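Please read through this structure with the sequence beside you.

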Amino acid sequence: MQRLYQKSQPHLLHTQANNILEHHVGAAVSQKHRSDGSAFTFRKRINNNRRQRFEMKTVASWQHRTVAFFVAIWLPFCLGQTTPSPQHHGSKLKFRLAGYPRKHNEGRVEIFYQGEWGTICDDDFSLANAHVLCRHLGFTSAIGWTHSAKYGKGIGKIWLDNVQCVGSEKSIDLCKSRGWGNSDCTHDEDAGVVCKDERLPGFVDNNIAEMEVDDNIVEEIRLRPVVAFAKTKTPITEGIVEVRYRDGWGQICDLGWTPKNTHVICGMMGFPYEKKVNKNFYRLFTEKQQNYYHLHSVACTGTEVHLSSCSVKFNRGNSSTSCAGGMPAVVSCVSGPQFAQASGQKKKLKISNNVRLKAGARIGEGRVEVLRHSKWGSVCDERWGLQEASVVCREMGFGSAKEALRGARMGQGFGPIHMNEVQCTGQERSIWSCQYKNVTSESCQHTQDVSVRCNVPYMAYENTIRITGGRTRYEGRVEVATTDKNGTQGWGLICGDGWGTLEAMVVCRQLGLGYANHGLQETWYWDSSNVTEMVWSGVKCTGEEMTLSHCLHQKSGSCRRAGARFSAGVICAETAPDLIMNATLVQSTVYIEDRPLHMLYCAAEENCLSKSAANASWPYGHRRLLRFSSQINNVGRADFRPKAGRHSWVWHACHAHYHSMDIFTHYDLLSANGTKVAEGHKASFCLEDSDCNEGVAKRYACANFGDQGITVGCWDLYAHDIDCQWVDITDVKPGHYIFQVVINPNFEVSESDFTNNGMKCNCKYDGYRIWLHNCHLGDAFSEEAERSFEKYPGQLSNQVS
């Protein structure tokens with residue numbers, strides 16, 4: 001299949017690229033050196049005038065003299081220019097990513113310095129430089145970099161040239177370079193970075209990051225429990241607050257400590273609220289300890305998402321005696337309901353039922369949806385920040401926000417958008433208590449849906465399971481931790497029988513590896529751990545569990561197929577598709593057709609008719625069909641592709657097409673008690689991009705045995721007049737029913753959210769005509785509205801009212 005559009009991938013270079021010498025035939029080039037005198041790289045470009053002048057010299061001896069001349073002139077100059085940049089303590093730099101085409105975590109690097117935005121030249125650029133810049137931008141690290149204005153040419157100043165970082169610097173200021181504003185480059189040489197899509201704590205996803213050059217920063221904080229039984233439990237809800245300092249940990253002097261400070265600490269630890277602590281007990285304990293006070297005079301307002309945002313003072317001199325009359329700060333936190341049982345908390349904290357998180361790969365993250373007038377809807381991202389995100393996180397029973405995400409980073413919603421320009425002070429108990437504006441159809445689109453990543457308590461779940469033998473850390477066979485009768489710890493395998501996508505989702509979530517791509521019942525991974533014993537079997541998950549041990553399972557090695565080859569495995573991914581049905585289109589296109597049997601032979605071969613059709617007098621007579629159109633949208637963050645490769649697709653001669661999935665959708669007509677009175681199904685005979693949102697190009701087409709799938713931002717349209725796009729209602733009596741459609745019903749392909757795969761409608765059939773109304777996605781209504789929907793007048797008697 002010819003693809004109409006393909007996004008070019010950035011050319012990722014590694015630090016070894018620093019040692020590549022680029023030769024220009026017939027041209028003499030100058031050689032740059034490191035400041036320590038070792039040869040580094042040849043200049044990639046030289047002044048056009050010089051190049052033309054050099055190329056005119058064809059006599060070899062004259063070329064040699066020219067080379068000697070320029071080396072003699074430029075070598076001392078280059079040696080003297082590669083020096084550490086002057087440091088600007090207390091001044092602020094701003095960093096941003098720019099250019100096109102790009103994703104949110106990549107682009108041309110631009111720096112705001114002395115009131116002006118400028119770029120960085122790619123000379124001597126390396127992955128180490130990219131690491132430092134990505135941290136400036138709020139990402140944890142870099143995975144690559146680009147040269148030669150890959151993301152387009154910038155304008156204005158070129159602030160830095162010949163930047164040489166080790167990679168561990170806290171500021172680009174501390175790296176060697178030619179100095180601010182000293183460059184011989186053009187914007188054809190603008191450097192770019194590709195950052196790992198993982199945010200540092202406390203950064204809002206607004207693409208512009210400010211940093212203040214300061215050696216004293218608060219990066220890592222922990223609670224150190226002192227009570228014996230608390231040391232072995234997770235999560236840790238109470239203890240001494242400690243701050244990472246150099247190679248160890250320091251305490252915080254509690255003089256002037258307030259509940260607002262505690263509120264901030266608990267939020268960072270993943271807890272929504274705080275409670276009083278018995279300081280007398282801790283005072284007796286800490287008096288016997290040698291303490292190192294790294295911070296004092298902490299003053300938080302209570303709305304900060306990180307202690308580094310509070311007003312703090314760093315100790316100087318003898319820090320062990322700098323808290324006269326005080327003691328180390330101690331806090332006690334309240335767990336959210338998801339972690340209350342594990343923490344031993346007797347009273348569970350109630351959380352809001354008017355807010356929810358959707359389509360997140362990990363616990364405590366997802367697209368924000370709010371309930372209004374009994375319908376769920378999303379929130380527009382204008383003015384969305386960490387304050388607003390933190391209110392949502394605490395309302396959901398988590399801590400403060402790690403990230404406030406914009407631009408549908410957790411996929412797009414489908415339906416109403418209830419709020420825009422949300423502004424919170426940070427003290428609200430609910431997002432509905434914040435100021436906001438109603439949304440007009442012109443002001444926001446679902447491409448602007450907001451998401452959050454919340455701080456959650458550390459549970460050490462990743463220590464009870466692992467995947468091994470894979471080509472990357474995102475795949476492998478699953479091994480669980482075991483303890484025998486003698487207390488000896490080891491690892492064991494899980495039987496692959498019945499293992500599927502839902503179980504793989506839990507494993508990937510537990511290990512922090514994103515979404516499940518595949519759940520493997522048979523693995524061919526390299527046996528790197530020498531584990532061969534099956535210790536679990538019969539694992540069944542709903543897909544919502546936080547850890548595999550929460551799923552139903554048998555702690556036995558009984559497995560239908562013996563051997564490590566038949567153990568369970570997973571392939572995880574950072575993104576996933578998300579399919580939803582256009583309910584409005586279904587409701588507006590429904591009708592009844594009496595179709596002659598002689599036109600239904602192919603449909604009968606594909607089991608698209610009810611069982612009674614087998615007893616009909618073929619080819620005479622007809623079948624009564626409930627027909628409708630369906631539009632299936634991919635609103636996720638990855639393309640929806642069939643699980644099976646094209647080599648295993650099944651050719652159907654009658655319809656002359658390939659089936660890439662046995663069952664793609666179920667169509668059912670249900671009675672009041674949920675019993676099926678008629679059913680249909682649709683094999684994915686042609687998964688393709690029928691149409692796409694503006695700016696999105698089609699990638700999949702079925703013609704000529706082409707690739708099948710649905711691109712992000714596109715949809716597959718099954719028109720009402722094609723075979724099997726119906727439910728056979730020949731045997732159905734008049735009455736009130738529920739019409740239901742379920743996409744990907746067997747979870748063959750992983751999605752970020754399966755709860756929105758169903759669609760329901762109220763259905764009235766009088767024997768001649770049919771009506772659908774209240775068509776909606778399965779999770780679009782509140783629980784109360786859904787109960788009311790299922791009990792509308794006339795349905796209980798199943799008669800025409």
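Gly 144 sits across from Val 194, a residue of strand E10. The model is a predicted one. The two strands concerned, E7 and E10 (residues 192-195), are paired in the antiparallel sense through 4 bridges.

A second example of pairing comes from an open sheet. Four strands make up this sheet, in the order E33-E36-E42-E41, and their pairing is antiparallel. At its edges are strand E33 (579-581) and strand E41 (691-692), each of which pairs on one side only. Strand E36 (residues 630-634) and strand E42 (residues 714-718) run antiparallel and are joined by 4 bridges. Within this pair, Ile 632 has Asp 716 of E42 as its bridge partner.

Now the protein as a whole. It contains 46 strands and 11 helices. Its chain has 801 residues, and 52% of them count as buried. Considering contacts between residues at least 6 apart in sequence, 72% are between residues at least 24 apart. The accessible surface amounts to about 37,600 Å², and carbon and sulfur atoms account for 51% of that.

Charged side chains come next. The protein has 36 salt bridges. One of them joins Arg 224 to Glu 242, with an N to O distance of 2.7 Å. How exposed are the two partners, Arg 224 and Glu 242? Arg 224 has a relative accessible area of 23% and is partly exposed, whereas Glu 242, at 2%, is buried.

Another salt bridge is formed by Arg 383 and Glu 421, whose closest N and O atoms are 3.8 Å apart. This pair links distant parts of the chain, 38 residues apart: Arg 383 is in the loop between strand E21 (375-379) and helix H7 (386-395), while Glu 421 is in strand E23 (residues 417-423). Glu 421 is buried, its relative accessible area being 17%.

Salt bridges also link residues into a network, made up of Arg 356, Lys 358, Arg 367, Glu 369, Asp 753 and Asp 779.

Glu 198 and Lys 196 form a further salt bridge, with 3.6 Å between the closest N and O atoms. Both ends are partly exposed: Glu 198 has a relative accessible area of 37%, and Lys 196 has a relative accessibility of 28%.

Lys 196 leads on to Arg 473. Which residues does Arg 473 touch, once its neighbours within four places in sequence are left aside? They are Lys 196, Ile 467 and Leu 513. Arg 473 lies in the loop between strand E26 (465-469) and strand E27 (475-483), and with a relative accessible area of 47% this arginine is partly exposed. The side chain of Arg 473 also makes a polar contact of 3.2 Å with the side chain of Tyr 474. Ile 571 is 98 residues away from Arg 473 along the chain, and the C-alpha atoms of these two residues are separated by 9.2 Å.

Notes. Residues numbered from 1 in each chain as written. Predicted model: local features only at pLDDT ≥ 70, side-chain atom pairs only at ≥ 80, totals over all residues. Heavy atoms only, no water. Pairing = 2+ DSSP bridges. Buried < 20%, exposed > 50% of the residue type's maximum accessible area, 1.4 Å probe, protein only. Contact = heavy atoms within 4.5 Å. Areas by Shrake-Rupley, 256 points an atom, 1.4 Å probe, with all protein chains shown as cover. Salt bridge = Lys/Arg side-chain N within 4 Å of Asp/Glu carboxyl O. Polar contact = N/O pair within 3.5 Å; in protein donor to acceptor, adjacent residues only side chain to side chain.
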